[in-house]
Amino acid sequence: MKMKKTMVFIMAFLLVLSTASCINTYKSGVEFPDFPEKDVPIYDDAVVFEYEGDDEESEIVYGTEDDVDDVMDFYKDEFEDEDYIIVDEKEDKDEYEVEGYIDDIHFEIQAEEASGEEKEYFDCIVTISVEIVDEDEVEEAKAKKIGEIAEEEASEPIAVQATEPAPQKTEELVEATPAPTEEPAVEENVPDVLKVMLRLPYSSSDISTDIDSLRNMLAEELGMEVELEMSDDYERIIIAMQAGEAHMGMLAGVDYVKAVDSGGVEVILKALRYDTDEFGTQLFDAPLVSGYSTELLVHKDSGIMDVSDLAGKKIAVPNYTSLSCFVWPANFLADNGIDPETDVEWINVGGYDTTILALMNGEVDAAFTFVDSRTIFFSQDDNYEDIIETCVFLTRTPPVPTDTYCVVPQLGEGFKERLQQAFINIIATEEGYRILNGLYFHEGYAPATYSDYDQTRLYLARKEEWNFD
């Protein structure tokens with residue numbers, strides 16, 4: 001009997017120790033050294049309390065005091081990056097699941113409402129499994145996803161009818177002009193109903209009223225029925241246009257360049273924005289621009305006076321996937337006679353603010369980051385003046401193109417001009433500007449052509465040839 005009591009006591013003691021250990025883990029978390037957090041991010045302020053794995057395959061479990069919807073919104077925002085390939089996504093009440101790829105990493109994420117003992121500490125529990133896969137699997141997944149979207153979007157070819165052409169232009173398209181009043185000649189290749197797909201803006205507010213207003217303004221400008229659909233996926237917009245499900249779509253400039261070679265899209269407009277000075281202040285009196293540039297900062301003691309002086313130097317970048325802060329800077333060096341693969345040492349510091357810190361601390365000689373990271377991240381710090389003095393602005397890269405409006409090529413040339421003029425006219429109105437600037441930060445529009453993107457085409461081609469591993 002004494003033996004039994006002793007055993008019961010020992011078991012109870014071990015249970016208490018185990019429970020205390022779990023509670024401590026829920027509060028302080030555990031280390032997860034081989035988990036690729038930079039590629040598959042962890043929700044802000046979460047506590048990772050379980051980890052298992054190595055540099056080939058790993059799994060973490062974390063908890064957060066926010067609910068499943070907050071976690072879902074966080075990952076949806078992350079996955080808008082074009083480098084992610086999402087192959088499956090499920091949303092149910094109190095549960096969110098997603099599977100996809102980023103570079104050579106396959107990941108699965110499951111978020112669900114906390115239960116049991118975990119509910120005392122968290123509202124949501126998230127499990128993430130990752131594994132390194134070969135390139136063929138990633139390419140196969142991408143091809144399969146594109147095929148599924150194409151099959152879903154496929155339908156009959158675009159219906160067109162004869163209707164009125166645009167009035168004869170008497171001035172530059174960038175100026176708003178009144179609607180035509182004369183009886184025009186008949187023009188071919190104009191749809192019965194114009195189908196437009198726009199990018200879903202990065203906003204959590206209800207935009208349905210603004211979208212309805214924009215559709216009505218476009219219909220009034222063109223004198224025809226308009227259907228307006230929103231999408232958070234540029235690839236989906238491209239496939240819809242190629243499949244005959246849309247006549248017009250909004251694409252990022254880089255996505256237009258990637259799509260044009262496969263056919264089915266033609267650029268007609270580019271969005272304009274205010275340029276900024278080296279401190280990020282908008283230049284309201286300067287001409288509008290159709291792209292955004294990355295700034296090159298150098299350490300005051302680096303001896304770098306010109307881009308050519310970067311040869312043999314260490315350069316900080318926030319990551320190796322950013323178009324504006326790595327792909328464009330690498331091309332910028334190539335434009336100036338520096339081989340970005342062999343002539344410089346790139347240092348991935350894992351963040352935009354850390355590019356400034358690495359430069360400030362003398363860990364690197366130069367840094368590429370957005371304009372102006374110094375002010376945005378450190379303007380309230382006591383050493384802000386020292387940062388400005390030490391991290392010296394040298395120059396900017398050529399601009400990454402902003403949003404474009406593209407159409408299917410088979411539309412009539414006159415109708416394409418009418419579409420150009422319609423959007424230029426709309427943003428010139430108070431209500432149109434409020435909507436388009438509020439949704440996309442557009443300040444105006446200008447006509448665009450294929451040749452406007454020759455430099456972008458060159459930069460992306462070089463990117464495919466380089467190997468920075």
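Analyst: Strand 2 pairs with strand 6 (residues 124-132) in the antiparallel sense, over 8 bridges. Within that pairing, V61 has T127 of strand 6 as its bridge partner. Please keep in mind that this is a predicted model.

User: How many bridges join strand 1 to strand 2?

Analyst: There are 6 bridges between strand 1 and strand 2 (residues 57-64), and the two run antiparallel. They form a hairpin, with 3 residues between the strands. Two of the bridge pairs can be named: E52 has E59 of strand 2 as its partner, and E50 has V61 of strand 2.

User: What holds paired strands together in general?

Analyst: Strands of a sheet pair through backbone hydrogen bonds, in either a parallel or an antiparallel arrangement.

User: Is strand 2 mostly covered or mostly open?

Analyst: Strand 2 is mostly covered, with 6 of its 8 residues buried.

User: What is the strand order of the sheet of 6 strands?

Analyst: The order is 1-2-6-5-4-3, in an open sheet with antiparallel pairing. From one strand to the next, the twist averages 10°.

User: Changing topic: what is the order in the sheet of 5 strands?

Analyst: That sheet is open as well, with the order 16-15-17-14-18 and mixed pairing. Its edge strands are strand 16 (345-348) and strand 18, each of which pairs on one side only. Neighbouring strands are turned by 30° against each other on average, direction ignored.

User: In which sense do strand 15 and strand 16 pair?

Analyst: Strand 15 (residues 314-317) and strand 16 pair in the parallel sense, over 4 bridges. One of the bridge pairs links V317 to N348 in strand 16.

User: Which strands does helix 7 lie across?

Analyst: Helix 7 (residues 323-335) lies across strand 14 (294-299), strand 15, strand 16, strand 17 (366-370) and strand 18. Relative to strand 17, helix 7 runs at about 130°. Helix 8 (residues 352-360) also packs on the sheet, where it touches strand 14, strand 15, strand 17 and strand 18. The direction of helix 8 makes about 155° with that of strand 17.

User: I have been looking at F393. Where is it found?

Analyst: F393 is found in strand 18 (residues 391-396).

User: Why is it classed as partly exposed and not buried?

Analyst: The relative accessible area of F393 is 21%. Buried means under 20% and exposed means over 50%, so F393 falls in between, as partly exposed.

User: And which residues is F393 in contact with, leaving aside its neighbours within four places in sequence?

Analyst: F393 is in contact with E278, E295, L296, L297 and R374. As for E295, it lies 98 residues from F393 along the chain, yet their C-alpha atoms are separated by 7.1 Å.

User: Now the helices. At what angle do helix 4 and helix 12 pack?

Analyst: Helix 4 (residues 208-222) and helix 12 (residues 430-440) pack at about 130°, and their axes are 10 Å apart. That angle makes helix 4 oblique to helix 12. The crossing is left-handed. Helix 4 contributes D210, I211, S213, L214 and M217 to the contact, and helix 12 contributes E431, G432, R434, I435, L436 and L439. By class, these are 6 nonpolar, 2 polar and 3 charged residues.

User: How do the axes of helix 6 and helix 13 cross?

Analyst: The axes of helix 6 (residues 253-260) and helix 13 (residues 454-465) come within 10 Å and cross at roughly 75°. Helix 6 is therefore roughly perpendicular to helix 13. In this contact, V254, Y256, V257 and K258 of helix 6 meet T456, R457 and L460 of helix 13. Those residues divide into 4 nonpolar, 1 polar and 2 charged.

User: Finally, how many helices and strands does the protein chain have?

Analyst: The protein chain has 13 helices and 21 strands. Of its 469 residues, 43% are buried. Among contacts between residues at least 6 apart in sequence, 69% join residues at least 24 apart.

Methods. Residues numbered from 1 in each chain as written. Predicted model: local features only at pLDDT ≥ 70, side-chain atom pairs only at ≥ 80, totals over all residues. Heavy atoms only, no water. Pairing = 2+ DSSP bridges. Axes fitted to C-alpha atoms, helices over the stretch in contact; angles between N-to-C directions. Parallel < 35°, antiparallel > 145°, perpendicular 65-115°, else oblique. Left-handed = near helix turned anticlockwise from the far one by under 90°. Contact = heavy atoms within 4.5 Å. Nonpolar A, V, L, I, M, F, W, Y, C, P; charged D, E, K, R; others polar. Buried < 20%, exposed > 50% of the residue type's maximum accessible area, 1.4 Å probe, protein only.
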